[in-house]
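Hi,

Here is the structure I said I would pass on. Please open it first; my notes follow below.

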Amino acid sequence: MFPKALDYESLNENVKKAQYAVRGELYLRASELQKEGKKIIFTNVGNPHALGQKPLTFPRQVVALCQAPFLLDDPNVGLLFPADAIARAKHYLTLNTGGLGAYSDSRGIPGIRKEVAEFIEKRDGYPSDPELIFLTDGASKGVMQILNIIIRGEGDGVLVPVPQYPLYSAAISLFGGSLVPYFLEETANWGLDINNLRHSVAEARSKGITVRAMVIINPGNPTGQCLSVANLREILKFCYQENLALLGDEVYQQNIYQDERPFISAKKVLMDMGPPISKELHLVSFHTVSKGYWGECGQRGGYFEMTNIPPKTVDEIYKVASISLSPNVPAQIFMGMMVNPPKPGDISYDHFVRESKGIIESLRRRARIMTDGFNSCRNVVCNFTEGAMYSFPQIRLPPRAIEAAKRAGKVPDVLYCLKLLEATGISTVPGSGFGQKEGVFHLRTTILPAEEDMPGIMASFKKFNDEFMEQYEDYRGYSRM
Amino acid sequence: MRKFVSNTASRKLGLLRHLAAASHSRFLSSTPVLDLLSSMPSANPPAAPPLSLDTINPKVLKCEYAVRGEIVTLAQRLQQELLAKPGSHPFDEILYCNIGNPQSLSQLPITFFREVLALCDHPAILDKSETQGLFSADAIERAWQILDQIPGRATGAYSHSQGIKGLRDTIAAGIEARDGFPADPNDIFLTDGASPAVHMMMQLLIRSEKDGILCPIPQYPLYSASIALHGGTLVPYYLDEATGWGLEVSELKKQLDAAKSNGITVRALVVINPGNPTGQVLAEENQRGIVEFCKKEGLVLLADEVYQENVYVPEKTFHSFKKISRSMGYGEKDISLVSFQSVSKGYHGECGKRGGYMEVTGFSPDVMEQIYKVASVNLCSNISGQILASLVMSPPKVGDESYESYCAEKDGILSSLARRAKALEDAFDNLEGVSCNKAEGAMYLFPRIHLPQKAIKAAEALKTAPDAFYCHRLLNATGIVVVPGSGFGQVPGTWHFRCTILPQEDKIPAIVSRLTDFHKGFMDEFRD
């Protein structure tokens with residue numbers, strides 16, 4: 001018997017309620033199988049470098065030099081590092097007293113926040129204030145900080161898209177708030193119907209919930225859709241009318257695979273709409289070094305930008321940030337370089353552009369390969385991955401498969417994904433981890449496996465799926481929307 | 001319909017409040033607010049903004065963190081003024097003695113650690129012959145070893161949510177070498193510094209304000225802030241200044257019983273050893289008493305041991321609570337213990353890296369699952385910090401190429417810290433009305449100032465705490481930034497401030513003389 005000081009019963013209920021499927025049951029089973037020697041293809045999390053994507057060279061050179069500043073004094077350093085990397089490292093070292101080893105300003109190094117502000121200004125065409133930009137240990141920490149500011153108790157609701165990236169549901173649970181779902185329309189390419197939104201809010205309010213904020217993920221995760229300007233305007237107007245803060249998760253803004261709807265930030269659309277809304281709507285926008293074509297997940301680098309947040313609230317957010325002292329400095333430097341990469345004329349420019357383009361163009365091809373591959377499978381329908389890093393095919397499970405799952409005490413898509421894992425080594429996340437309409441099943445996979453491995457993976461999936469459907473189908477019909 | 005009407009009404013009220021709270025000067029001489037309201041376009045007037053001070057989480061409003069609080073904001077302003085107008089103040093520079101941030105005050109990092117980290121950041125150069133000329137051979141070897149423990153050698157990938165397994169193995173081995181008792185890598189959670197690990201434990205332990213956590217007074221205000229943020233209750237236990245900040249189990253019992261009688265369920269005991277801000281290193285016997293107490297009362301022991309390498313007195317040695325518990329014959333079934341360690345302190349002082357871990361023992365598997373789940377929501381801690389934590393727990397050994405230079409750097413830093421601790425302690429002790437306990441360990445001095453009544457009255461007139469008043473005066477006169485004792489907690493009616501021992505050794509004499517002159521002037525002004 002273990003000591004009773006902290007046993008399961010006496011744990012914080014909010015912790016027990018929280019779920020995070022991305023590293024849940026499927027992942028744990030996959031890790032077990034891997035230990036037993038089975039070859040596993042981890043497509044459960046947007047983790048590009050784990051699937052063979054190489055880090056961009058320039059930022060790694062710069063950070064290595066910042067780690068070991070004594071190299072800068074060595075006459076031979078030029079043999080291993082190009083001059084622009086050396087210059088950039090020297091520059092960054094002047095921006096934080098004590099270099100990488102000292103706590104920075106709790107909001108992040110001022111010089112780097114200035115680089116971020118300049119990036120945002122260039123991207124959107126509107127000024128950005130570095131004082132309203134906070135660097136964080138990954139975007140996730142930033143999201144948690146903001147949700148913690150908003151949620152007072154279970155009477156507070158936050159609108160979250162369904163399907164959603166389960167950081168939101170987990171964080172809302174942990175902070176004791178209420179998740180107010182709004183459903184995305186699968187048949188309309190995961191589009192956002194404003195009527196769904198109104199309906200969700202009305203329903204929440206009728207239950208006595210005060211809806212405080214709305215989350216949008218653009219491009220979407222797991223769904224990949226890129227919001228149109230019209231959509232964004234509708235959302236902003238809606239938030240304004242309903243007195244909601246808007247949280248714009250824009251971490252995939254570099255991952256766009258179609259040309260009809262390029263990325264446009266919520267802030268730009270807001271500013272374009274002019275006063276009063278542009279001066280009053282509370283907006284927080286999130287970005288990261290983990291995604292895009294950088295894929296530097298392991299650095300834990302991110303930021304949020306606050307728009308129209310009252311100064312006293314900003315002070316409180318600053319206070320909470322200061323308790324953790326500072327975000328990690330190396331990741332801040334990665335962020336600086338992401339928003340301010342090598343320019344034409346720089347020694348490293350050509351190589352940097354080649355590496356970046358290579359990754360982005362390959363992601364675009366893989367998005368297509370995967371979508372088409374899923375659509376060629378029996379009972380599988382898959383919207384095109386317009387952006388982000390995932391594919392979220394709908395699996396139309398036959399009634400007998402659903403029954404088998406019930407008998408095994410498992411959610412149907414969990415059973416499907418476990419069988420897929422055991423048969424092929426492909427580790428996905430069941431759609432139930434992200435939320436979906438009742439009786440409709442999906443799985444999320446990433447488009448990140450190496451391009452040369454894609455055909456093999458899709459063939460492997462198809463074989464498993466078609467055999468699965470063969471096994472469980474009869475002619476009573478099957479699950480559909 | 002009614003709901004809509006009352007919503008509009010409450011929005012109008014909200015707007016009134018909002019307008020009233022906003023810049024008064026705009027409205028004082030102009031149209032009364034109500035008229036303004038009725039003359040506004042009606043459609044959908046903005047109501048009380050969603051993220052305004054009166055609608056945000058009150059727990060956030062409640063928490064405080066003085067280490068980077070008001071006095072630091074003031075110091076930064078002065079620093080800007082000095083840059084803009086040199087000579088505008090009676091000092092040339094601001095000396096930040098408020099925060100345990102060694103490398104910002106010119107302490108150098110350990111070369112070997114940085115070599116390994118640089119190679120792990122940019123593994124592409126490991127194959128190049130030029131690298132041998134720039135890096136020591138054992139750093140190259142260690143980098144290879146570490147990279148081989150990372151799938152695909154991908155330092156840019158999310159790792160296992162507890163941290164890379166191979167690095168946890170190294171850390172566990174380091175813990176075992178330190179304590180003489182085994183450690184399980186599965187009990188280790190690598191985190192972005194020790195602070196997030198503390199937050200995680202508070203999140204698990206605190207269900208409501210009826211849950212209490214015993215904390216030392218004075219304490220490092222991460223604990224009070226974290227407890228406030230998680231909606232719990234801080235149950236203070238007082239360290240005894242007269243006996244070198246002694247920790248009495250009888251005091252623990254007294255406070256525990258008082259809390260219980262107030263309907264508080266005390267869940268855990270925080271012990272900071274070596275202490276912050278107080279610097280005391282617990283004697284083994286004391287530690288055994290604390291372990292017995294936790295076992296008997298069913299408390300989780302939260303052992304903040306981030307200063308384990310910072311011990312400056314020969315008569316004291318750091319012993320981990322894990323070692324003490326195991327040597328008492330207590331194992332997993334006897335005591336729930338969480339030990340926190342960090343890369344930010346010690347002799348390595350790598351604050352900006354955000355590396356640390358907690359070792360969690362004595363919990364059932366289903367609780368461990370929940371801890372893992374909470375860790376997984378953030379995916380993982382930064383990889384570079386993970387690598388550094390493993391280096392700190394497994395530094396160069398006798399025979400390694402870098403061993404001698406590593407030792408020289410480490411000993412140099414630690415002996416300098418010991419000298420600075422002594423120099424500042426003596427300086428404070430020599431001030432009129434100031435007594436200062438020795439800093440046996442950690443990085444701080446926490447002198448007690450007996451403020452004259454005149455000074456206390458002057459502070460009250462300014463609506464400031466007397467110790468904050470003293471610290472502001474000190475800052476304005478000398479540029480030295482210290483943190484008022486009220487930021488850490490102190491016996492009511494006593495006043496302290498926390499000063500780090502981190503300024504460079506050659507700056508210490510100047511600091512001492514400026515401080516002494518200021519204090520003399522202050523006492524001349526306010527002496528009763």
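UniProt positions are given in the numbering used here, and annotations may be inferred rather than shown by experiment. Keep in mind that this is a predicted model.

**Annotated span.** An unreviewed UniProt entry lists residues 84–447 of chain A as "domain: Aminotransferase class I/classII large".

**Gln258(A).** This residue sits in the loop between β7 (245–249) and α11 (266–272) of chain A. Is Gln258(A) buried or exposed? Gln258(A) is buried, because its relative accessible area is 6% and the cut-off for buried is under 20%. Its side chain also has backbone nitrogens beside it in the sequence. A polar atom of the Gln258(A) side chain lies 3.0 Å from the backbone nitrogen of Glu260(A). For the backbone nitrogen of Arg261(A), the distance to a polar atom of that side chain is 2.7 Å. Leaving out residues up to four places away in sequence, Gln258(A) touches Cys226(A), Arg364(A), Phe384(A) and Glu386(A).

**A three-stranded sheet.** In chain A, three strands form an open, antiparallel sheet, ordered β11-β15-β14. β11 (390–391) and β14 (429–430) are the edge strands; each has a single partner, so one side of each has no neighbour in the sheet. β14(A) pairs with β15 (residues 443–446) over two bridges, in the antiparallel sense. Within β15(A), Arg444(A) is the residue opposite Val429(A).

Best wishes

Note on methods:
Residues are numbered from 1 along each chain as its sequence is written. Chains are lettered from A and ligands numbered from 1 in the order in which they are written. This is a predicted model: local features need pLDDT of at least 70, side-chain atom pairs count only at pLDDT 80 or more; totals for chains, interfaces and linings use all residues. Side-chain values use heavy atoms; hydrogens and water are left out. Helices (H or I, at least four residues) and strands (E, at least two) are DSSP runs, numbered from the N terminus. Buried means under 20% relative accessible area, exposed over 50%, partly exposed in between (1.4 Å probe, protein chains only). A polar contact is a pair of N or O atoms within 3.5 Å; within protein, one must be able to donate a hydrogen and the other to accept it, and residues adjacent in sequence count only if both atoms are side-chain atoms. Contact means heavy atoms within 4.5 Å. Two strands pair if DSSP finds at least two bridges between them.
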